[in-house]
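Here is a short note for someone opening this entry for the first time. Please keep the structure in view while reading the points below.

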Amino acid sequence: RSLQRCFKSGLLVGHSRTFRDLSRSHSCVLAVNVRDALNQAMDEELERDERVFLLGEEVAQYDGAYKVSRGLWKKYGDKRIIDTPITEMGFAGIAVGAAFMTAFSSCAWALAKGSALYRLPFESPPSCCFMTWNFSMQAIDQVINSAAKTYYMSAGAQPVPIVFRGPNGSSAGVAAQHSQCFAAWYGHCPGLKVVSPWNSEDARGLLKAAIRDDNPVVFLENELMYGVPFDLSEEVMQKDFVVPIGKAKVERQGTHITLVSHSRCVGFCLDAATVLAKEGVECEVVNLRTIRPLDVDTIEASVMKTGHLVTVEGGWPQYGVGAEICARVMEGPAFNYLDAPAVRVTGVDIPMPYAKILEDHSVPQIKDIIFSVKKVLNM
């Protein structure tokens with residue numbers, strides 16, 4: 001029956017698998033891009049809890065600047081899917097204030113490339129949205145001083161269940177002011193949970209977990225990944241499927257070296273691992289999924305297994321995610337298992353250039369990962 005549903009939906013993926021193979025599978029495989037995975041997660045949470053609202057720039061009638069909220073306004077109407085003016089400090093403050101009103105209830109927000117999602121026990125809650133994470137600097141006081149710190153400053157009496165979401169990191173041809181990675185920025189701040197999905201499973205499962213969480217969650221998507229399809233099992237497509245916040249995933253098993261990354265760079269690591277495997281090097285690829293809290297246990301277990309470490313990220317090197325990972329490994333038991341110093345692959349330490357050829361040289365490439373792996377392994 002599951003197979004029949006797949007054929008009827010037109011979503012069956014069998015590029016490299018025969019019908020006979022699929023007939024033996026316990027669950028069908030669906031091709032879902034990251035944009036649709038996020039859209040499905042919001043749709044299901046809006047349906048699951050009538051207190052959930054979506055608010056942000058262009059999220060309603062325009063279906064979102066990247067069409068992540070496509071169809072939600074038509075389905076849920078003006079009272080639950082709400083467009084806002086382009087006033088980041090103002091509507092972020094409204095969003096956080098709304099979250100404060102859920103002290104004895106659950107609430108979630110999504111600040112995105114124009115959208116905020118949240119739950120409230122009232123009929124007409126406000127909503128909030130950023131066009132990209134670069135614009136969150138206009139409202140960073142609301143995110144850090146109001147959302148992140150209030151739960152602690154109130155001795156646990158005032159939870160702030162809110163999700164800030166939107167595209168993060170470099171895109172293509174948008175230059176310095178629209179190409180920053182905020183993983184280290186927000187990962188630095190206690191009181192926030194920070195997640196950074198790579199594929200459709202991450203996006204779907206982590207967003208549902210974030211919406212249900214009673215803490216403020218920063219949800220860092222990647223614009224260049226929105227249209228990329230990934231195979232999802234029937235289990236992942238279940239409405240109760242969530243990816244736990246704070247748990248990394250080993251995407252590829254290996255024995256020679258550990259590659260730790262998040263967001264789009266996870267795909268680069270997997271591609272580099274495929275190339276290196278042809279030369280006899282087996283890379284273990286760890287998808288962080290969550291920046292804060294960092295899953296140090298999974299990283300340490302992998303490093304203790306392989307004896308070598310390379311971190312890969314799109315952000316700047318100084319005080320970055322990779323720097324934190326290297327420090328944690330050095331301070332913990334895995335340090336004694338390292339056979340060579342850890343190496344970081346990062347974006348170049350400059351504002352993002354506009355020219356395409358310079359832009360390409362400013363962000364990690366597969367060849368950079370391969371070079372760093374060979375350097376660590378002294379090849």
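1. Start with Y319, in the loop between β13 and α12 (321-331). The model is a predicted one. Phi of Y319 is near 60°, a positive value in a residue that is not glycine. Is Y319 buried or exposed? Y319 has a relative accessible area of 69%. Exposed means over 50%, so Y319 is exposed.

2. R289 is another non-glycine residue with positive phi, here about 65°. R289 sits in the loop between β11 and β12. Its relative accessibility is 7%. The limit for buried is under 20%, so R289 counts as buried.

3. Look next at the step from R292 to P293. This peptide bond is cis, and omega is near 5°. P293 belongs to the loop that links β12 (290-292) and α11 (296-306).

4. Now the sheet. It is open and has five strands, in the order β9-β11-β10-β13-β14. The pairing is mixed. Which strands stand at the edges? They are β9 (249-252) and β14 (343-345). Each has a single partner strand, so one side of each lacks a neighbour in the sheet. On average, neighbouring strands are turned by 25° against each other, direction ignored.

5. β9 and β11 (residues 283-287) run antiparallel, joined by three bridges. K249 stands opposite N287 of β11. In general, strands of a sheet pair through backbone hydrogen bonds, parallel or antiparallel.

6. A helix packs on this sheet: α10, residues 265-277. It touches β9, β10 (257-261), β11 and β13 (309-312). The direction of α10 makes about 170° with that of β11.

7. How many residues does the largest nonpolar core have? It has 58. V310 and I369 have the most contacts inside this core. Helix α10 gives the largest share, eight residues.

8. V310 deserves a separate look. Neighbours within four places in sequence are left aside here. Its contacts then include I257, T258, L259 and V260. V343 and V345 are also in contact with V310.

Key: Residues are numbered from 1 along each chain as its sequence is written. This is a predicted model: local features need pLDDT of at least 70, side-chain atom pairs count only at pLDDT 80 or more; totals for chains, interfaces and linings use all residues. Side-chain values use heavy atoms; hydrogens and water are left out. Two strands pair if DSSP finds at least two bridges between them. Helices (H or I, at least four residues) and strands (E, at least two) are DSSP runs, numbered from the N terminus. Axes are lines fitted to C-alpha atoms, for helices over the stretch in contact, and angles run from 0 to 180 degrees between N-to-C directions. Contact means heavy atoms within 4.5 Å. A nonpolar core is a set of buried Ala, Val, Leu, Ile, Met, Phe, Trp, Tyr and Cys residues joined through side-chain atoms within 4.5 Å. Buried means under 20% relative accessible area, exposed over 50%, partly exposed in between (1.4 Å probe, protein chains only).
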